[in-house]
Amino acid sequence: MSPIFYLLAALTLAGGLATVLLKHLVHAALAVTVAFAGLALLFLQLDAQFAGFAQILVYIGAVAILIVFAILLTHGADLPKEGVFSKTWLVGLIIAAGVFAVLGWAVLESVSAIPQQNTMPAVTVRDIGNALLDRYVLPLEIVALLLTAATIGAVIVAMHEKERPK
Amino acid sequence: MTSMTMGLATPLAGYLLVAALLFAIGLAGALVRRNAILVLIGIELMLNAANLNLIAFWRFGPHPEALTGMMFAIFSIAVAAAEAAVGLGLVISIYRHTNTAELDNIDRMKG
């Protein structure tokens, strides 16, 4: 394991932890952006350049902005009087710890059984483009339709609703 | 402890453990926070952890030239973007309706 991996993993996990723990929603949005950036760098470290740059474009470029706008529109910057954690936070924490325990146990128990090769895959963006328009053309079209429908749906859902007769 | 050091000797295990920890952090965020936007952010973190798993399996799997894991991750990123747009739109709509984004206070189904 290279030290760069440990550095990037620490950055990503610190961003994730800060997101969950920080009280101010705007600070949490900034922290989640750090976590997204760490993940993009981890993708690059895994020789997945296309996925890494797509992650930067989609998550840091779009989702983070969307989150900040949602905070703005819901007055999320004001701290609530009752605190930021739910009444049943202990149960949630126990569930999350249990899930991590099971996942970590499964990974450590089974990873030696998975065949793995360590040569760098010779895959270029051209190969990805060819695969997208050849073998994966149907999922690509479906995703295009899904994105269109989701965008229209989001606009309709968030549109100002007219005063209803009571 | 021995299995820990043995497991981390392979790079795949390191990435899978980071993804598992990030998934748990996202799950904790979705379960313990009161604000609906933070719950959505937690869900995004969980989706990202799954993407990291897919890319790691693609990189260390036997046939990276088949691009399967990579394609899965790319489509997953696209679907997650659509989900974020619709989810945040719903949060804004609920805020307009009930004047709060705190999930503990949204406790009735009647409009």
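Over all its chains, this structure holds two salt bridges, a salt bridge being a side-chain nitrogen of Lys or Arg within 4 Å of a carboxyl oxygen of Asp or Glu. Let's start with the pair A:Asp47 and B:Arg59. A:Asp47 sits in the loop between helix H2 (25-45) and helix H3 (49-73) of chain A, while B:Arg59 belongs to helix H3 of chain B, so this pair joins two chains. Helices here are DSSP runs (H or I, at least four residues), numbered from the N terminus. The two side chains meet at 2.7 Å, N to O. Both A:Asp47 and B:Arg59 are buried, which means under 20% relative accessible area (1.4 Å probe, protein chains only). Side chains of opposite charge can pair when their charged atoms come close.

Before going on, a word on the model: it is predicted, local features need pLDDT of at least 70, side-chain atom pairs count only at pLDDT 80 or more, and totals for chains, interfaces and linings use all residues. Residues are numbered from 1 along each chain as its sequence is written, chains are lettered from A and ligands numbered from 1 in the order in which they are written, and side-chain values use heavy atoms, with hydrogens and water left out.

The other pair stays in chain B: B:Glu102 forms a salt bridge with B:Arg34, with 3.2 Å between the closest N and O atoms. This pair links distant parts of the chain, as B:Glu102 lies in the segment after H4 and B:Arg34 in the loop between H2 and H3, 68 residues apart. Both of these residues are buried too.

Now look at where the chains touch. In chain B, 74 residues are in contact with 84 residues of chain A, contact meaning heavy atoms within 4.5 Å. About 7,100 Å² is buried between the two chains, and carbon and sulfur atoms give 77% of that; this is the accessible area (1.4 Å probe) that two parts lose on being put together, summed over both. Across this interface the rule finds one salt bridge.

Which elements of chain B give two or more residues to the side that touches chain A? They are helix H1 (2-8), helix H2 (11-32), helix H3 (36-60) and helix H4 (68-98). The largest share, 23 residues, comes from H4(B).

Finally, follow helix H2 of chain B. Of its 22 residues, 19 are buried, so H2(B) is largely enclosed by the rest of the structure.

How values were computed. Buried means under 20% relative accessible area, exposed over 50%, partly exposed in between (1.4 Å probe, protein chains only).
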